[in-house]
Amino acid sequence: MRKLLLIMFLTTVGFSGAYAQNKVEFRESQARLLEPVQNAYVKPLIVELEINESKGKIVDSWKFTNKEVNALNGEVSNLRTRALFNSTQKHNADVIVAATFDIASLSDGTGYEVKVIGYPANYKGWTTAKPEDYEWIRMEKTITTNEKDKIQAIIKTK
């Protein structure tokens, strides 16, 4: 028994001695730092929309099952986006101009019906923006949607 205790003691002392011999060194230096900055600039493109007048105003009705709605996370904005995508595909259009929506649940409770109303249009005449186009682009970038809500009429007091 004493031999076992002696062996355990020597083993413990030996391991602790081995750990005591590990030495960690660390050093950090820093000189003045100047990092290069890289930016990418893209020239804005301007495009015209050509409304497909032969089709005129369209009214499309799309039905979505509850399973499809759940796949869209059950969000109304995703439902509108999917219906809009379906309409652009159906009419071979790039966008639906002045799109309005009517969303209603089906009477049997199996899903929803989304009506898309608007004018199909395609892009034409892509050009690089000219200096006269920059002002309205700049105006759009400086005012965010959040700030538009805070804009109020100026009221003069006498």
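Predicted model: local features only at pLDDT ≥ 70, side-chain atom pairs only at ≥ 80, totals over all residues.
**Entry 1: the overall layout**

I began by counting elements, and the protein has five helices and four strands. Reading along the sequence, I get the order α-β-β-α-α-β-β-α-α. Next I looked up burial: 15% of the 158 residues count as buried. The accessible surface comes to about 14100 Å², and carbon and sulfur atoms own 55% of that. I also checked how far along the chain the contacts reach. Taking contacts with a separation of 6 or more, 71% are between residues 24 or more positions apart.

**Entry 2: helix α3**

I went to α3 next, which covers residues 76–90. It has 15 residues and reaches 21 Å from its first C-alpha to its last, close to the 21 Å expected at 1.5 Å a residue. Which residues of α3 are buried? I found Leu79, Ala83, Asn86, Ser87 and Thr88. Then I asked what covers them, and the cover includes β2, α2 (66–71), β3 (95–105) and β4. After the helix comes Asn92, and I noted that its phi is positive, near 50 degrees.

**Entry 3: Ile58**

Ile58 is in strand β2, which runs over residues 58–65. Is Ile58 buried or exposed? Its relative accessibility is 5%, so it counts as buried, since the limit for buried is under 20%. I left aside its neighbours within four places in sequence and listed what Ile58 touches: Ser87, His91, Ile96, Val116, Ile117, Gly118 and Pro120. Ser87 was already in my notes as one of the buried residues of α3. I also looked up a distance: the C-alpha atoms of Ile58 and Ala99 are separated by 9.5 Å, and the two residues are 41 apart along the chain.

**Entry 4: salt bridges**

How many salt bridges are there? The count comes to two.

One of them joins the side chains of Glu50 and Lys124, at 3.9 Å from N to O. Glu50 sits in strand β1 and Lys124 in strand β4, so this pair links distant parts of the chain, 74 residues apart. Both ends get the same label in my notes: Glu50 is partly exposed because its relative accessibility is 43%, and Lys124 is partly exposed because its value is 39%.

The other bridge is between the side chains of Lys90 and Asp60, at 3.0 Å from N to O. Lys90 belongs to helix α3 and Asp60 to strand β2, so the pair ties together parts that are 30 residues apart in sequence. Lys90 counts as exposed because its relative accessibility is 53%, whereas Asp60 counts as buried because its value is 3%.

Which residues make the nonpolar surface patch? I found Leu45, Leu49, Tyr123 and Trp126, and together they make a patch of about 440 Å². Two strands, β1 (45–51) and β4 (111–128), each supply at least two of its residues. Leu45 counts as exposed because its relative accessibility is 53%, and the exposed label starts over 50%.

**What I'm taking away**

Strand β4 turned up several times: among the cover over the buried residues of α3, as the strand holding Lys124, and as a supplier of the nonpolar patch.

Note on methods:
Residues numbered from 1 in each chain as written. Heavy atoms only, no water. Patch = residues over 30% accessible without salt bridge, like charges linked within 9 Å, V, L, I, M, F, W, Y side chains within 5 Å. Areas by Shrake-Rupley, 256 points an atom, 1.4 Å probe, with all protein chains shown as cover. Salt bridge = Lys/Arg side-chain N within 4 Å of Asp/Glu carboxyl O. Buried < 20%, exposed > 50% of the residue type's maximum accessible area, 1.4 Å probe, protein only. Contact = heavy atoms within 4.5 Å. Expected span 1.5 Å × (residues − 1).
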